[in-house]
Amino acid sequence: MENTIESENYKIQKPENWASIITDNELIEYIQESDFANKQIEEGRDFCFFLDKIYYTSDVENSEYACVAYTLNEPSNLESASVKDIIVEENETFIIHRISVLRDGVLIDKIPDTKIKVLDNENQSEGGVLNSTKKINITIKDLRLYDILVTEDSRVKVFSDRDFLRKEYLKYVYVTPSTYWAYGNYKFSFINDRKAPIAYKKTFYRDENANVLDPEIGILKKGERLVIEKENYINSFDVNREIAPYIDFATDSNWTDLSNYISPLYEEIYSKSSLKEFAPKLAEKLDAISDKDEQLQYAIDYVQNHIYYIFNADEMNGHKPQEPSITYENKQGDCKAKSVLLKVVLDYLNIDSSVILVNFNSDHYIKHYLPSLLTFNHVIVKINYKDETYFIDATARDEFGLIENRGFIYFMHYLEVKPNQQLQIKKPYRFSYYGINEKVDFNTQNNKGQLKLTTTYKGNRANYMRKYFKNTNKREIIDSWNNFLFYTLNYSSDRNGTDIRTIFNDAAIEIVSDDKKLNEFTIQYSAAIENPYFTDPQNNRFLMYFDRNVVKNNARDFIHADIPFWHNFDNEKYEINLHTDQTIDTQEKFTVQESTINNPYFDFTSRKKVTKNGASIFVDFKPLVNLEIPAEDFEKFRTDHHIIADSNFGIGIDIIEDGFLNKLKFNLKKHFR
């Protein structure tokens with residue numbers, strides 16, 4: 001081995017006594033050809049002869065052990081096996097027990113051919129992301145195609161004082177393996193060596209007909225283990241439509257006890273000192289604002305924008321928040337620190353608030369998981385104000401508006417940091433405003449078109465668009481709108497390949513207004529267009545405007561057996577006016593077609609106004625959001641979205657060309673259609 005000096009982040013030694021003891025002779029015996037193995041290899045897949053995986057937990061450490069032997073028949077697998085990175089946390093050690101290859105029936109020790117480097121796994125400190133993880137880079141020389149690689153290793157996480165939560169509670173999710181691999185022998189063991197019992201919950205396992213089985217829940221006392229062992233095994237779940245079967249392990253508890261464990265940690269911090277004591281200038285500024293709505297806005301703005309967000313990965317492993325006086329003095333803190341400071345400020349204003357625990361990334365799974373504080377990875381603030389409930393992420397930036405106009409956070413499950421709490425579900429929501437309100441005027445005369453879009457964004461949309469206009473080059477913004485309109489006006493069907501900039505002449509886009517209290521951001525786009533009509537292969541001309549953003553294709557195309565559709569659309573309102581100096585077909589089906597949809601989860605209307613030289617459509621879309629669509633309601637929900645897509649999301653007008661023969665052709669078409 002090239003570097004013989006071991007670091008604190010890795011070691012080379014024998015497995016612990018709780019792990020498997022496998023001799024070289026036993027290894028060779030395990031790696032035997034079989035009809036099952038040969039079938040997988042003939043199909044062009046690599047094959048895993050065996051995998052022995054163990055998770056061990058005690059009151060002082062969490063450890064994972066794995067011994068695996070697999071073929072290197074595919075160049076990509078050979079490449080990934082030759083060089084790989086292992087990420088270890090603070091106080092975590094990667095232990096190498098064995099690296100060998102079976103080549104031509106001979107087991108060869110490859111540890112002497114292994115080079116190990118320990119690198120800082122850090123590239124985000126400038127963005128406020130701090131961690132003490134290390135990257136262990138392992139390079140194995142002279143691995144060859146058709147070798148069988150054997151690795152045996154462990155990773156051990158010894159708890160430090162700030163890992164008090166991990167000492168007290170375990171959370172581990174075992175996910176069944178990738179569907180790519182076939183296993184001759186597969187074994188997973190979970191060993192509980194803690195004083196407290198560990199609950200486990202097997203979820204999304206299926207019967208032979210792929211029907212999801214009811215969850216299986218059990219308890220492991222100290223010294224007990226759960227073992228899963230299979231032979232000639234391929235995990236057969238549908239990757240694209242099903243959740244991989246998994247087992248959730250957690251210290252046996254309930255939400256009430258967990259909330260009673262954590263709430264005193266926060267209550268102690270809240271009462272350390274008053275706002276006037278540690279932030280007299282901030283208190284003075286708040287006192288000078290007479291309007292309660294504006295006081296609240298200032299408080300949120302201050303914590304979001306004047307306190308720098310530091311994500312300290314090590315600190316996030318625990319739940320002891322930083323004192324608000326320190327957060328204020330240092331002008332920085334993680335999500336816990338910023339949320340606690342915001343609550344203390346709101347307490348000073350006599351505004352009811354509480355800190356809550358969330359996990360946006362795993363929100364869907366929380367209802368399936370066992371109760372555990374380690375399920376959550378983020379802290380935000382819940383505010384009760386004027387008989388409404390709002391949720392504010394104190395780590396957000398570039399947010400504006402009075403509280404009812406600020407960005408909306410989509411999630412479902414949370415635990416309030418108060419005594420005697422249960423897991424709560426955030427209620428479905430209807431917006432009181434339109435996220436997008438757009439008026440389109442497209443006037444054509446003498447085969448020249450003038451196009452103008454006036455758009456007002458509000459809430460999340462306003463925050464995003466304001467940031468987009470601030471950080472994006474004006475030419476790039478105009479190109480983005482031109483590209484959108486190229487498809488909306490259907491020019492992609494009759495002039496595809498044309499430089500879009502030559503179609504939209506004198507294109508310009510400007511900010512009309514930016515109201516920071518209402519959180520409304522209004523822009524206007526304009527352009528002149530030569531030859532504004534779409535012309536089909538039969539030389540029929542049309543003026544068209546179909547905004548495909550109105551069509552929710554993710555709702556129409558959604559197919560998943562286990563995850564319900566998450567409904568998170570904005571209210572939208574559109575007025576589209578098309579006018580021409582040509583005669584139009586005022587009875588054309590799609591020109592006059594209107595729709596009314598009253599689905600339990602959204603209301604949609606399109607209304608038309610048609611004149612001899614033009615037509616308008618008025619689209620109104622109001623969804624009920626922040627909820628999962630139940631499986632029994634989804635097909636109706638999908639069908640109603642198909643109705644929107646059936647030409648109800650825009651308008652087109654057919655031009656009747658001048659001349660006797662053209663009018664005769666039109667009358668015949670109308671008569672026989």
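How are α13 and α14 oriented to each other? In this predicted model, in which residues are numbered from 1 along each chain as its sequence is written, the two helices are oblique to each other, because angles under 35 degrees count as roughly parallel, over 145 as roughly antiparallel, 65 to 115 as roughly perpendicular and the rest as oblique. Local features need pLDDT of at least 70 and side-chain atom pairs count only at pLDDT 80 or more, while totals for chains, interfaces and linings use all residues, and side-chain values use heavy atoms, without hydrogens and water.

**Confidence**
- The protein chain has a mean pLDDT (the predictor's confidence in each residue, from 0 to 100) of 92, and 94% of its residues reach 70 or more.
- Residues 1-6 have pLDDT below 50, with 18 contacts (heavy atoms within 4.5 Å) beyond near neighbours in sequence.
- Residues 123-130 also fall below 50, and this stretch has 15 such contacts in the model.

**Helix pair**
- The axes (lines fitted to C-alpha atoms over the stretch in contact, with angles from 0 to 180 degrees between N-to-C directions) of α13 (residues 460-471) and α14 (residues 474-488) come within 8 Å and cross at roughly 125 degrees; helices here are DSSP runs of H or I with at least four residues, numbered from the N terminus.
- M465, Y468 and F469 of α13 meet E476, I477, S480 and W481 of α14.
- This contact has 5 nonpolar, 1 polar and 1 charged residues, where Ala, Val, Leu, Ile, Met, Phe, Trp, Tyr, Cys and Pro count as nonpolar, Asp, Glu, Lys and Arg as charged, and the others, Gly among them, as polar.
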